[in-house]
Amino acid sequence: MNRRIILPLILLLSASVHSAQADWQLIWSDEFKKRGAVDPKKWNVETDFVRNEKAKQIYTDRPENITQKDGRLVLTARTERRRNGRYDPDGHSWLVTREYADYTSGSVNSAGKFSFKYGRVVIRAAIERGRGVWPALWLIGRSPGKTWPQCGEIDILEYISQDADRVHGTLHWDNSYAGPGKGRTVSWPAANLLRGFHEYEMIWTPEKIEFFYDGRQYYSFEIARAQTGDYNAFRNPFHLILNLAIGGWAENPDPKDYPRTFQIDYVRVYQDKNQSESEYYIDGQRKSVASSSAHARQRKSQSRANSKGRQRKGAKTPDQPAEETERKASD
């Protein structure tokens, strides 16, 4: 959710066609059934200033900003002045030298508790409109020694108040802070987008990443296009982040519009039992749902690929296709 300048392309939604060969198995979920605090085995609650210097909010772990009730995770942004718990006037980062914020909100991540490589994420959520709101459902890569954006970022949903009828899905990578991003903005009538709950979905395979809105696909990206030398951000595990930011990429907030909520009904992550390269981590322990037959097929396929590679050593790589939408980080 680090920001960029956007040159949007708007695509009419097309019918979703999930792979008929996929055998999806649920590997991790949260239905938010327990009332009160989030499950500490699944989520880290973010506090104080975390990212996006231009954003207006400070995160807290108070129930006023983050709680579970009525079977939902409720993130609430409020107009209120709050002091930075890590304030240090002699620090070297705005994260500690900024003393106060005029808005509070909620954010959780699954870093160190759950991450995965390849799979399907389905999140049902409801957005409440308000000037300056910036809710997001996204993932950050877990690549040792890599910082943003080189570690990779997958934005399943971003909504900004000035684009009342749009859903944004975006990918980021590369090795510089001003590195490229690719994505697509889908237009949808605000009366529908802001009415009740909708499903936001991402399918990630070794070949591509696809975004869906209420079961309809609106973007597909070939992972090979993110290759940088021998490194590709989208071939490493990612963890989840759910948050409600204020300002930043969104317009300046109107304090009279708050409080505003971002509600998440469920988060479900699946992996394909036929995909041998899939893996996930619970508390750092690697796991896999891939069947033994899938592993056998993968070894056979790799053997054929290695054989072809020896025969075609030095062959040129085809040119990559044109990229749909350029996005560059701005802060």
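The pLDDT is the predictor's confidence in each residue, on a scale from 0 to 100. In this predicted model, the chain has a mean pLDDT of 83, with 76% of its residues at 70 or more. Where pLDDT is low, the predicted coordinates should not be read in detail.

The strand pairings may be followed from strand β20, residues 260-272, which runs antiparallel to strand β3 (residues 24-30) and is joined to β3 by six bridges. Within this pairing, Gln 25 lies opposite Gln 271 of β20. Strand β7, spanning residues 72-83, also pairs with β20 in the antiparallel sense, here over five bridges, and Val 74 faces Gln 263 of β20. Strand β11 (residues 119-127) is a further antiparallel partner of β20, joined to β20 by eight bridges; Arg 120 stands opposite Tyr 270 in β20.

Residues 279-282 form β21, which pairs antiparallel with strand β10 (residues 114-117) over four bridges. Phe 116 has Tyr 280 of β21 as its bridge partner. Tyr 280 is in turn the bridge partner of Lys 287 in β22, a strand of residues 285-287 that pairs with β21 in the antiparallel sense over three bridges. β21 and β22 form a hairpin with two residues between the strands, and in this hairpin Asp 283 adopts a positive phi near 50°.

Key:
Residues are numbered from 1 along each chain as its sequence is written. This is a predicted model: local features need pLDDT of at least 70, side-chain atom pairs count only at pLDDT 80 or more; totals for chains, interfaces and linings use all residues. Side-chain values use heavy atoms; hydrogens and water are left out. Two strands pair if DSSP finds at least two bridges between them.
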